[in-house]
Amino acid sequence: MTMKEEFKRIRHEYGKKELLESDINSNPFEQFKIWFSEAVEQNLPDVNAMCLSTVSSNGRPSSRILLLKEFDENGFCFFTNYNSKKGKELENNPFASLVFFWPELERQIRIEGKIEMLNAKKSDIYFNERPVGSRTAAAAISPQSKVIANRDELDKMVMEFIEKHGENFARPDFWGGYKLVPDLFEFWQGRENRLNDRIEYKIEKNSWIHRRLAP
């Protein structure tokens, strides 16, 4: 079977649900909460996984999968190494986008906005709630996104850190949280024949408005 035939074979027709203006909440944060809760109730794997896209100082985009750790009407929070590629890109260009995709529900949510760094106290609280293995990895592997020789070097860094610090250590300054403060949401619901439902929310004069977009 050729690659072209493979792509034809995996085509999926949507049609489980619909997204009508009469069904949506006027507040996009509440609409996100509704959809996110439905995904959680379905026990979907990695329901809080999201694609974070950033842009470098020379306009080159890059994307990666992260986990959403908290959200409210102030924004969407995640944690990472400030010295990583995404951290450096956010330092130069503090605008980003998030995409959640739940194929089992045939739904996607796109969120755009400005990135703010969380305060140290909030980053400390989250860091200390993490399992010791995750805290060790975040603290020991400081050169995130940098080139290393091999896996053995990585394991050595972790072991040396454990021998020196044990299980009790503070959050390193180079690791912490960010919050994306939205100015745009798009809720996408798959429909038959690719006539998908798309509802966009934007801020105009300090209020959220919503409108339908063509598929």
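This report covers the nonpolar cores and aromatic pairs of a predicted model.

Local features need pLDDT of at least 70, side-chain atom pairs count only at pLDDT 80 or more, and totals for chains, interfaces and linings use all residues. Residues are numbered from 1 along each chain as its sequence is written, and side-chain values use heavy atoms, without hydrogens or water.

**Cores**

A nonpolar core is a set of buried Ala, Val, Leu, Ile, Met, Phe, Trp, Tyr and Cys residues joined through side-chain atoms within 4.5 Å. Buried means under 20% relative accessible area, exposed over 50%, partly exposed in between (1.4 Å probe, protein chains only). The largest core has 31 residues; Phe32, Phe100, Trp102 and Ile111 touch the most other members. Helix H2 (28–41) gives the largest share, five residues. Helices (H or I, at least four residues) and strands (E, at least two) are DSSP runs, numbered from the N terminus. A second, separate core holds eleven residues, among them Leu118, Ala139, Phe161 and Trp175.

**Aromatic pairs**

Rings of Phe, Tyr and Trp (its six-membered ring) pair if their centres lie within 6.5 Å; planes under 30 degrees apart count as stacked, over 60 as edge-to-face and the rest as tilted. The count is 25 aromatic pairs. Two are tabulated here.

| Pair | Centre to centre | Angle between planes | Type |
|---|---|---|---|
| Tyrosine 126 and tryptophan 175 | 6.1 Å | 5 degrees | stacked |
| Phenylalanine 161 and phenylalanine 169 | 4.9 Å | 90 degrees | edge-to-face |

Tyrosine 126 lies in helix H4 (residues 120–129) and tryptophan 175 in strand E7, 49 residues apart. Both tyrosine 126 and tryptophan 175 are buried. Phenylalanine 161 is buried at 13% relative accessible area, and phenylalanine 169 at 12%.
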